[in-house]
Amino acid sequence: MARHTAFHGIEKNARTEVDEYAGEYGRSVDDYNYALSPRTESHFIYPANNEQRGAETSFASFVQQPKKKSNKTKKSKATNQQQQEAELGDKQQYHRGRQQSRDHDLLFEMEHEDEPPVPMNEPVTKKNVKQTPTKSYENNNDKNDELKSYSGLDNRIATLKISDRIDRSLSPPKSANVSACVTPRSGVSPATRNLNGKKPDTNTDNITATVTKRRVGQTDRSNVLKEYEQRLDGKELINLVVIGHVDAGKSTMMGHLLVKLKVIDERTVHKYRQEAQRLGKESFSFAFVLDESEEERKRGVTMDIAHAQFKTQTKIVNLVDAPGHKDFIPNMINGASQADVAILVVDSRKGEFETGFDFGGQTREHALLIRSLGVAQVIVAVNKMDTVNWSYERFDDIVKKLHQFLKTSGFKEQDVYYAPVSGWTGQNLIEKASEPALLDWYNNDTHQLPVGVIRYATLLELIDKLKPPERPISKPFRLCITDVFKATGVGTGTSSISGRIDSGGIEINEKILIKPSNDIAQIKSIQIENANVPSAFAGDNVVLNIIGADPAHLFIGNVACDPEYPISTATVIKGRILIFNITTPITPGCPIVFHFKSVHEQGNITKLLEELDRSSGELKKRNPRFLTKNSSALVEVKLQQRICCELYSNFKELGRFMLRQGGSTIAAGIIVDIVE
């Protein structure tokens, strides 16, 4: 760049040195359009020789006319030049003008004129190439004498022969069966390169098939898995979400269940009762077990998800209490995405059940959401049965309506259970019912019960009947961040993130990659239910205390993953969606809110690619103009910000999403391709 003058602190009208000597300064070399060659450099004040640059050079000596050189000086220089050429003649002749020989020059050796050249169409082998015997010299003078025998360079340039040395820089022929390792990036696993004209697969389709091979080379986790089994103590781990319409009694029922299981001590329960009396909400004392924030207790409405853990005879249950109000559906989706099974709580009071079950009610919407998010087993808890005097007719009417609806929503009959309960009185939660009005038909063998109702079963016994899904422990580590905070007592420079491990496992001191910020962090400690553990695996709700990551780059919705197999990121995806009971057709360019795990991102449906059959998935029409209710289609969605996601075929837990518009859920889908 050209030289400039600093104008800091100079007044506006002040004359500078540049103004006073305008035209006296020469222009910089960068002001011209050509480079500075060594020949041009010699004309400047500084000498071109690097050895003389440090010496002082006056301007007078620069402008002074050069002195004429004498003939003696010319002759002496010519003599010295001839001597140097004579000394270096042999070396220059041998190295063909190069001062130093290179390795690749040895591939081509000179051959005498009398030796016949190798035909071009004949492959070069050791048989058809005449080998020149290696001569031994007693001293260097004999070698120099032989080299001087050559008359000149022209006599030596006759033919070229290829040396027997192998050129390892050349790539193998395409016909050879050579396997190459693809560098693992963006979720790509090592795979064999296909050299038959096809591009190697750079998608994440091979990640599941090759992760077992990668795990073999890593640290042996057999001891860690043994500790994990000891921690479970022979029980199965399930993640349970509680859903339902607002004021159905979800928090009260589960809070009372935790109190009966002695998860909450009596002193804490007494404190909750006093606080509920102070707020004039005595019936909400059990709900305060899960509704911990002050705003939730004042309003009497669950606003965010709450976590708890309890044990049964055969299960360790991670409980997630989801909000039921329609304004907090994004939080409900976040909680449902962490669950394996669900409890759907309905209000048995007349008018209340119909409000939640009719179009626009949260009972219907929550059931569709959990099924779209992969939850296949559900327990329907018909709550507040004490207010209807444990009426069998009312219970039977509710069960029949829900049975037909859940069947059309994709739930199987054998995976749906029904139970009459009372969250406030605690009837039929963990102990057998003692209410006479309930015993007349629930424990009576002669009374016929609806499909899905198990006689004598309590709510806790039905939870024991639920089956946990298969945990993808062998897959790469994935954890979607649901909360970021600064924990106390973990040391300076430590950040805490929480969430459920979707796949893989993690140990203390291992390194993780935070996407999409690409920060590398190290696990300092792992906590499960406020207890430090050495490791955690898929299905665990954990708190990771990490170091090395910038806290400004940690957000809810980011994904902690394996650095060797990072999760994919995208702004444009192709998804197969199932449209719900909408009132306005979906057209290209339709604005939506994309819900994925704990992320909700603005976007648009840019293209309607195919309209599919709802039941079979067969193609019905290409590039439809619009999509109506209860239809299925393949669409392209463009998001405003980049999110972390995976293909449904690789990670079912990270391949589901929901589409919402105007405060209601319009569609659910799976990711089939990542476009950009």
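**Entry: before I start**
I'm working with a predicted model, so I keep that in mind throughout.

**Entry: α12 against α14**
I remind myself that a pair of packed helices is described by the angle between the axes and the distance between them. I looked up helix α12, residues 329-336, and helix α14, residues 362-372. Their axes come within 10 Å and cross at roughly 40 degrees. Parallel or oblique? That angle makes α12 oblique to α14, because only angles under 35 degrees count as roughly parallel. I also noted that α12 passes α14 in a right-handed crossing.

Next I wanted to know which residues make the contact. On the α12 side I found I329, M332, I333 and A336. On the α14 side I found Q362, E365, H366, L369 and I370. Sorted by class, the residues of this contact are 6 nonpolar, 2 polar and 1 charged.

**Entry: α14 against α15**
The angle is about 35 degrees, and the axes lie 10 Å apart. The crossing of α14 past α15 is right-handed. From α14 the contact uses T363, R364, A367 and L368, and from α15 it uses L402, F405 and L406. The class count for the contact of α14 with α15 is 5 nonpolar, 1 polar and 1 charged.

**Entry: salt bridges**
How many salt bridges does the structure hold? I got 20. Side chains of opposite charge can pair when their charged atoms come close. I picked out a few to look at.

R660 forms a salt bridge with E365, and the closest N and O atoms are 3.0 Å apart. This pair links distant parts of the chain: R660 sits in strand β24 (residues 656-661), E365 in helix α14, and 295 residues separate them. I checked burial too, and both R660 and E365 are buried.

D347 pairs with K384, with the closest N and O atoms 3.6 Å apart. D347 has 5% relative accessibility, so D347 counts as buried.

R500 and D502 also meet through their side chains, at 3.3 Å from N to O. Buried or exposed? R500 counts as buried at 7% relative accessibility, and D502 is buried too, with a relative accessible area of 4%. These two belong to one network of salt bridges with shared partners, made of D340, R471, R500, D502 and K597.

**Entry: K326**
I found K326 in the loop between β5 (315-321) and α12. Leaving out residues up to four places away in sequence, K326 touches Q362 and R660.

**Entry: T312**
Where is T312? I found T312 in the loop between β4 (306-311) and β5. T312 has a relative accessible area of 7%, so T312 is buried. Not counting residues up to four places away in sequence, T312 touches K235, V317, L460 and D464.

Definitions and conventions: Residues are numbered from 1 along each chain as its sequence is written. This is a predicted model: local features need pLDDT of at least 70, side-chain atom pairs count only at pLDDT 80 or more; totals for chains, interfaces and linings use all residues. Side-chain values use heavy atoms; hydrogens and water are left out. Axes are lines fitted to C-alpha atoms, for helices over the stretch in contact, and angles run from 0 to 180 degrees between N-to-C directions. Helices (H or I, at least four residues) and strands (E, at least two) are DSSP runs, numbered from the N terminus. Angles under 35 degrees count as roughly parallel, over 145 as roughly antiparallel, 65 to 115 as roughly perpendicular and the rest as oblique. A crossing is left-handed if the near helix is turned anticlockwise from the far one by less than a right angle, and right-handed if clockwise. Contact means heavy atoms within 4.5 Å. Ala, Val, Leu, Ile, Met, Phe, Trp, Tyr, Cys and Pro count as nonpolar, Asp, Glu, Lys and Arg as charged, and the others, Gly among them, as polar. A salt bridge is a side-chain nitrogen of Lys or Arg within 4 Å of a carboxyl oxygen of Asp or Glu. Buried means under 20% relative accessible area, exposed over 50%, partly exposed in between (1.4 Å probe, protein chains only).
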